[in-house]
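Q: Please walk me through how to read the contacts and helix packing here, one feature at a time.

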Amino acid sequence: MAPQTPIRPMSDEAARRRRGRNLAIFIVLLGLCALFYAITIVKLAHL
Amino acid sequence: MNIRTGNQRVSDVTSSTTGAGEVIGSTLSSPLAQPGEAIFETDYRDWITLLKPRVLTLVVFTGLIGLIVAPGHLHAVLGFTAILCITVAAGACGAINMWYDRDIDAIMHRTRRRPIPAGRIEPGAALGFGVTLAVGSVIVMGLAVNIPAALILALSVCFYVFVYTMWLKRRTPQNIVIGGAAGAFPPVIGWAAVTGSVDLVPLILFGIIFIWTPPHFWSLALWAIDDYRRAGVPMLPVVSGARETRRQILLYTIVLIPLTLAPYFIGFSGLPYGIAAALLGLVFLQKVYRVLADRQDAAGKSLTSDKPAKAAFKYSIYYLFALFGALALDHLVG
């Protein structure tokens with residue numbers, strides 16, 4: 001059995017940064033979905 | 001001294017023992033640090049910093065101008081996608097460049113606070129981020145816009161990463177002369193996004209940015225010479241001295257001005273652009289002449305804290321914006 005490494009509790013600051021990163025990724029993914037949808041509509045309209 | 005010769009890399013930041021390296025070493029290789037721990041310190045703004053956002057403004061702008069002045073029509077959504085792909089690919093180049101140059105970034109005062117040397121992002125993560133964005137942007141460009149634009153985009157990324165960053169930057173004072181081609185691609189890509197091909201006009205726009213790059217970067221290098229010397233980067237002022245650099249800045253600017261008039265002389269743009277290009281060029285010439293005539297000691301070191309070089313560097317950025325802006329305006333109004 002592998003030795004367990006102690007887990008350091010996440011500080012408030014680290015949690016805040018993680019929330020910031022997660023929100024940024026969410027916004028980027030949402031934007032990409034909207035962009036790919038728009039591209040698809042434009043491409044279909046010009047077929 | 002922990003400075004490499006030729007293309008040898010400065011020892012990795014995790015084991016660096018000089019200057020900023022001590023700080024960095026304590027962050028990334030401290031006995032208390034755990035693998036992957038740097039990620040807890042990462043703010044999303046650090047990832048944006050990896051993309052070199054200040055450089056991106058010029059890339060976006062020149063790419064947009066290439067797209068605007070190109071003959072033909074591209075749907076706004078696809079035009080936006082093309083500019084987004086150019087922007088993301090250029091940002092990816094910045095991230096890969098920061099990954100590769102993390103050793104010298106840790107030494108240079110101007111760059112030591114970047115996310116990798118400061119220990120806020122791990123080098124491998126930055127590389128993965130950059131490669132993912134580069135590949136993704138080329139694929140989206142190919143699928144959404146057209147294949148020629150995607151191929152030129154891929155070429156520009158490869159040129160920046162392999163030719164400039166990995167090959168030229170640490171080997172020759174001609175690094176930013178040849179490497180400047182990487183930054184000259186955006187208007188060509190913008191043009192290709194609309195037309196699906198490349199002809200004389202985008203090549204002239206490419207040439208303008210290509211010839212503009214040396215006076216722009218050498219103006220910066222004149223006052224950042226100590227940084228480049230410490231990092232062992234063979235920029236022209238380090239290798240040939242400040243006096244020769246000032247002379248080269250003037251020579252490149254003299255070549256640049258007639259080239260900026262080429263769109264007018266080949267009949268692509270009207271007289272308003274021609275006048276704007278000539279006036280902007282004359283002011284640029286005046287700025288670089290002041291760099292040449294700067295008060296200096298026997299070794300060529302500025303006695304004015306390189307004020308003229310700083311002014312020329314600042315103006316060179318406005319100059320390119322104004323020049324390309326004038327071209328687009330002339331095209332839209334004329």
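This is a predicted model: local features need pLDDT of at least 70, side-chain atom pairs count only at pLDDT 80 or more; totals for chains, interfaces and linings use all residues.

Q: How many helices and strands are in chain A, and what share of its residues is buried?
A: Helices (H or I, at least four residues) and strands (E, at least two) are DSSP runs, numbered from the N terminus. Chain A has one helix and zero strands. A residue is buried if 20 or more other C-beta atoms lie within 10 Å of its own, exposed if 12 or fewer, and partly exposed in between. Of the 47 residues of chain A, 2% are buried. A:Ala14 lies in helix H1 (residues 12-45) of chain A; A:Ala14 counts as partly exposed because it has 15 C-beta neighbours inside 10 Å. From A:Ala14 to A:Ala34 is 20 residues in sequence and 30 Å in space, C-alpha to C-alpha.

Q: Which domains is chain B divided into?
A: Domain bounds come from an automatic or database domain assignment. In chain B they give domain 1 (13-26 + 38-197) and domain 2 (199-334). The centres of these two domains of chain B, taken over C-alpha atoms, are separated by 22 Å. In the contact, 28 residues of domain 1 of chain B meet 25 residues of domain 2 of chain B. On the domain 1 side, helix H3 (53-69), helix H8 (175-184) and helix H9 (186-195) of chain B each give two or more residues, and H3(B) has the largest share, seven residues. That side divides into 17 nonpolar, seven polar and four charged residues.

Q: At what angle do H4(B) and H7(B) pack?
A: Two packed helices are described by the angle between their axes and the distance between the axes. Axes are lines fitted to C-alpha atoms, for helices over the stretch in contact, and angles run from 0 to 180 degrees between N-to-C directions. Helix H4 (residues 76-100) and helix H7 (residues 147-168) of chain B pack at about 15°, with axes 10 Å apart. H4(B) and H7(B) are therefore roughly parallel; angles under 35 degrees count as roughly parallel, over 145 as roughly antiparallel, 65 to 115 as roughly perpendicular and the rest as oblique. The contact of H4(B) with H7(B) has 14 nonpolar, two polar and no charged residues.

Q: Which residues of H8(B) are buried?
A: They are B:Asn175, B:Ile176, B:Gly179, B:Ala182, B:Gly183 and B:Ala184. Their cover includes H7 and helix H10 (200-223) of chain B. The axes of H8(B) and H10(B) come within 8 Å and cross at roughly 130°, which makes H8(B) oblique to H10(B).

Conventions
Residues are numbered from 1 along each chain as its sequence is written. Chains are lettered from A and ligands numbered from 1 in the order in which they are written. Two residues are in contact if their C-beta atoms, placed from the backbone, lie within 7 Å. Ala, Val, Leu, Ile, Met, Phe, Trp, Tyr, Cys and Pro count as nonpolar, Asp, Glu, Lys and Arg as charged, and the others, Gly among them, as polar.
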